[in-house]
Amino acid sequence: MKTKNNVLLYNIAAVLVGLVISALLLLFMKVNPLSVCGQAFSKIVTDGYNLGEILVKATPLIFTSLAFAFTYNANLFNIGAQGQFTMGAIIAVALSLGLQSVLPTVILLIVVLIGSFAGGAVVGGLIGGAKAKFGANEFLVSMMSTYVITNFMDYLLRTSLQETKAEYMQTDAISSSAYLPNIIPGTRVHFGFIIAVAAAVGVWVLLNKTNLGFQIRAVGKNRFAAQLAGISTGRIYIISFMIAGGLAGMAGLTEINGVQHMLLRDFNASIGSYGIGIAILANGNPLGCIFASILFGFLNVMGTTMGRLPGLNIPASIIELIEGIVMICVIISYAVRGNVENKKKKALMRKAGV
């Protein structure tokens with residue numbers, strides 16, 4: 001319990017420091033940060049649409065943070081959630097365009113959900129397979145896979161998936177029959193948020209209440225001890241990355257069928273990297289990913305609202321600035337926490353004469 005409390009305190013401190021630094025940077029724009037933040041916060045909490053946008057922004061972040069958190073529990077690092085997300089989006093738009101006039105909405109969305117999960121899982125499985133078979137560095141392989149999938153998407157947007165007029169690098173828009181249903185009238189909040197929360201709960205149950213989850217956590221704690229206990233680490237690597245990739249792929253579904261309704265070049269190009277920071281903020285806890293994603297969704301909406309305040313001329317890049325600074329502070333706090341804990345362990349060992 002004490003360790004969990006320490007993690008929470010470090011994370012809260014990191015977020016607060018990041019927000020303070022972001023606010024101080026507004027001074028360089030000759031803007032009063034307290035006044036601007038107060039105005040933006042007031043506009044958010046008094047407007048149902050803006051409150052809904054927090055959940056809209058949080059939805060794909062829940063999935064990409066889960067994609068990192070899941071492998072993190074096996075002491076693996078999935079840096080390729082962006083590519084897995086992109087593959088899921090490719091599958092989602094291709095299936096939607098191809099089947100929207102054939103299948104009823106419910107069946108179509110189930111097919112697209114399975115397809116987007118499978119697309120991300122295939123990419124993840126290849127990464128896990130490279131780790132299991134050849135001992136490849138999953139950090140580098142997953143990172144490079146993003147570039148491969150991104151270029152594959154660009155190729156498709158120039159060829160088979162390009163919109164009918166062949167003028168832009170984008171697909172045709174999917175029809176309304178392929179949309180994820182809206183769950184809060186007057187907002188853009190769609191059923192994908194429910195799927196994301198259910199996925200986070202499901203991942204928590206899998207990791208903490210099932211035999212597979214125990215094996216994943218055992219490999220994460222000590223893979224050599226796990227091997228001696230008869231656990232196949234190679235199998236766990238592949239399964240972990242397949243599930244993680246599938247989760248990131250489902251984020252593609254929520255963005256295509258819930259928000260964008262088409263696939264564009266440079267589509268949500270930072271969603272994977274934000275997922276990493278969110279998973280670290282949640283300390284790899286799937287349920288924590290929900291709340292950390294909502295926090296980042298709030299920061300995104302806050303930045304957008306600040307940029308729209310009249311007479312201030314605050315650039316749109318303030319969104320990425322705030323989120324980036326907070327993420328850096330979270331990662332630094334993770335490193336500081338690890339260093340402090342290592343020093344405490346060494347001090348205890350010295351006292352014990354080890």
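User: Helices are DSSP runs of H or I with at least four residues, numbered from the N terminus. Which helix gives the most to the lining of the largest pocket?

Analyst: This is a predicted model in which local features need pLDDT of at least 70 and side-chain atom pairs count only at pLDDT 80 or more, while totals for chains, interfaces and linings use all residues. Residues are numbered from 1 along each chain as its sequence is written, and side-chain values use heavy atoms, with hydrogens and water left out. A pocket is an open set of points on a 1 Å grid over the protein atoms alone, where a 1.4 Å probe fits and protein lies on both sides within 12 Å along at least five of seven lines; its lining residues have an atom within 4 Å of a point. In the largest pocket, 8 of the lining residues come from the leading contributor, α1.

User: Which elements give two or more residues to the lining of the largest pocket?

Analyst: The lining of this pocket comprises 34 residues, and those nearest its centre are Val 7, Tyr 72, Ala 282, Asn 283 and Gly 284. Two or more lining residues come from each of α1 (2–25), α7 (192–209), α8 (211–221), α12 (286–307) and α13.

User: How many residues in the lining of the largest pocket are charged?

Analyst: Ala, Val, Leu, Ile, Met, Phe, Trp, Tyr, Cys and Pro count as nonpolar, Asp, Glu, Lys and Arg as charged, and the others, Gly among them, as polar. The lining holds 15 nonpolar and 13 polar residues, and the number of charged residues is 6.

User: Which residues lie closest to the centre of the second largest pocket?

Analyst: α3 is the leading contributor to the lining of this pocket, with 4 residues. By residue type the lining divides into 8 nonpolar, 4 polar and 5 charged. Of the 17 lining residues, the closest to the centre are Lys 57, Asn 268, Ile 271, Tyr 274 and Asn 300.

User: Where does Asn 268 lie, and is Asn 268 buried, partly exposed or exposed?

Analyst: Asn 268 is not a glycine, yet has a positive phi of about 45 degrees. The residue is placed in the loop between α10 and α11. Its relative accessibility is 26%, so Asn 268 counts as partly exposed (buried is under 20% relative accessible area, exposed over 50% and partly exposed in between, with a 1.4 Å probe and protein chains only). The location is thus the α10–α11 loop, and the class is partly exposed.

User: What is the relative accessibility of Asn 75?

Analyst: Asn 75 is found in the loop between α3 and α4 (81–99). Its phi is positive, at about 60 degrees, although the residue is not a glycine. Asn 75 counts as partly exposed because its relative accessibility is 46%.

User: How far apart are the C-alpha atoms of Gly 230 and Gln 215?

Analyst: Gly 230 belongs to the loop between α9 (223–228) and α10 (233–260). This glycine counts as exposed because its relative accessibility is 65%. Gln 215 is 15 residues away along the chain, and the C-alpha separation is 9.9 Å.

User: Which residues of α13 are buried?

Analyst: Helix α13 spans residues 318–351 and has 34 residues. Its buried residues include the charged Glu 323 and Arg 337.

How values were computed: The expected span of a helix is 1.5 Å times one less than its number of residues.
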